[in-house]
Amino acid sequence: MNKNTKKKIGLGLALAGLSLALYIDNQCFVAKENKVLLQSPKISSPIKITQISDFHSNALKNLDEVMEKIGKFDPDFIVLTGDILDYGEDRKIERSLYFLKNLSKLKKKIFYITGNHEEAGPKLDLFIKEMEKLGIKYLDNDGEYLEVSGQKIYLYGTSMFNFSYENYQGNENSINILLTHFSKKFRENYKENIDFVFSGHTHGGQVRFPIIGGIISPGEGFLPNYDKGVYTYKNSTIHIDSGLGNTFLPLRFLDQIQYSNIILAPVV
């Protein structure tokens, strides 16, 4: 192999490496809007919900665009399904609160549940206190009734490590929504009258391949059956969001960070 050929190969490998690095950087730090349509015979008119999960104190490169698109979607309320904070380090608390301050400027009702990173880390009480100053409601194995377009909605949020239905008050006359960080908690503790489940935790596998899907997800193992998207589980519909951040390493492939703008619609 002559010197010119070696140089061409070296240059090609360098360009390929740079392209891959730029692609992964975009996947990890530029958020996309995920649009979801879920239907139920219990719904008479559309209900709009923005779901944000697994932010992990990320530094979004397109934060303004994210806020603009959520504002344009104009959700009836916003749900934060855990791991918004990536453990309780001061700089990470500041980063997560900066994101939440921007989100609170949209003047929407916002509901929050904890994930494993928050519950296992320090300073959770401080984070919740600062978050509640922004008007964000923390649901800790507790629920709240809402009304949207004349429809009664029961929103119940659970703890990650102390999952409990003790205070659950959903009934057949309400649209019952469960917020739980890890959908396996619901699948192992199934409650029949829950219509929709919003969760995260799995990050969509972070590394995905066509047809195969996610390679490995926390708590779901290799080639997980529940990693990202919409699933029917018995009488309930589960939506698993792959998250707006990264954990341990900023590594994503065919799994760009996202937030979900969800419409709950009547069955046509």
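**Stop 1**

Select Tyr-233. Tyr-233 is buried, at a relative accessible area of 16%. Buried means under 20% relative accessible area, exposed means over 50%, and partly exposed is in between, using a 1.4 Å probe and protein chains only.

Before moving on, note that this is a predicted model: local features need pLDDT of at least 70, side-chain atom pairs count only at pLDDT 80 or more, and totals for chains, interfaces and linings use all residues. Residues are numbered from 1 along each chain as its sequence is written, and side-chain values use heavy atoms, with hydrogens and water left out.

Tyr-190 counts as partly exposed, at 23% relative accessibility. How is a pair of aromatic rings described? By the distance of the centres and the angle of the planes. A search of the whole structure finds 16 aromatic pairs. Rings of Phe, Tyr and Trp (its six-membered ring) pair if their centres lie within 6.5 Å; planes under 30 degrees apart count as stacked, over 60 as edge-to-face and the rest as tilted. The ring centres of Tyr-190 and Tyr-233 are 5.8 Å apart and the planes stand at 65°, so this pair is edge-to-face.

The pair links distant parts of the chain, 43 residues apart. Tyr-190 is in the loop between α6 (183–188) and β9 (196–199), while Tyr-233 is in strand β14 (residues 229–233). Helices (H or I, at least four residues) and strands (E, at least two) are DSSP runs, numbered from the N terminus.

**Stop 2: a cluster of rings**

Select Tyr-145, Tyr-154, Tyr-156, Phe-163, Tyr-165 and Tyr-168. Ring pairs link these residues into a cluster.

Which lysine lies over the face of Tyr-145? Lys-152 does, at 5.5 Å from the ring centre. Next show Lys-191. Its charged end sits over the ring of Tyr-165, 4.9 Å from the centre. A charge sits over a ring if NZ of Lys or CZ of Arg is within 6 Å of the ring centre and within 35 degrees of the ring normal.

Zoom in on Tyr-168. Tyr-168 lies in the loop between β7 and β8. Tyr-168 counts as buried, at 14% relative accessibility. Leaving aside neighbours within four places in sequence, Tyr-168 is in contact with Tyr-154, Tyr-156, Asn-176, Lys-191, Asn-193 and Ile-194. Contact means heavy atoms within 4.5 Å.

Then show Asn-193. A polar contact of 3.0 Å joins the side chains of Tyr-168 and Asn-193. A polar contact is a pair of N or O atoms within 3.5 Å; within protein, one must be able to donate a hydrogen and the other to accept it, and residues adjacent in sequence count only if both atoms are side-chain atoms.

**Stop 3: Ser-159**

Select Ser-159, in the loop between β7 (151–157) and β8 (175–179). Is Ser-159 buried or exposed? Ser-159 counts as buried, at 4% relative accessibility. Its side chain reaches the backbone nitrogen of Phe-161 at 3.5 Å. Not counting residues up to four places away in sequence, Ser-159 touches Thr-114, Glu-119, Asp-140 and Asn-141.

**Stop 4: two histidines with a contact**

Select His-181, in the loop between β8 and α6. His-181 is buried, with a relative accessible area of 0%. The side chains of His-181 and His-201 make a polar contact at 3.2 Å.

**Stop 5: an exposed serine**

Select Ser-44, in the loop between β1 (32–39) and β2 (47–52). Ser-44 is exposed, with a relative accessible area of 58%. Now show Ala-265. The C-alpha atoms of Ser-44 and Ala-265 are separated by 7.4 Å, although the two residues are 221 residues apart along the chain. Neighbours within four places in sequence aside, Ser-44 is in contact with Gln-151 and Pro-266.

**Stop 6: positive phi**

Select Ser-149, in the loop between β6 (142–148) and β7. Its phi is near 50°, a positive value in a residue other than glycine. Ser-149 is exposed, with a relative accessible area of 55%.

Move to His-203, in the loop between β9 and β10 (208–209). His-203 is not a glycine, yet has a positive phi of about 60°. His-203 counts as buried, at 3% relative accessibility.
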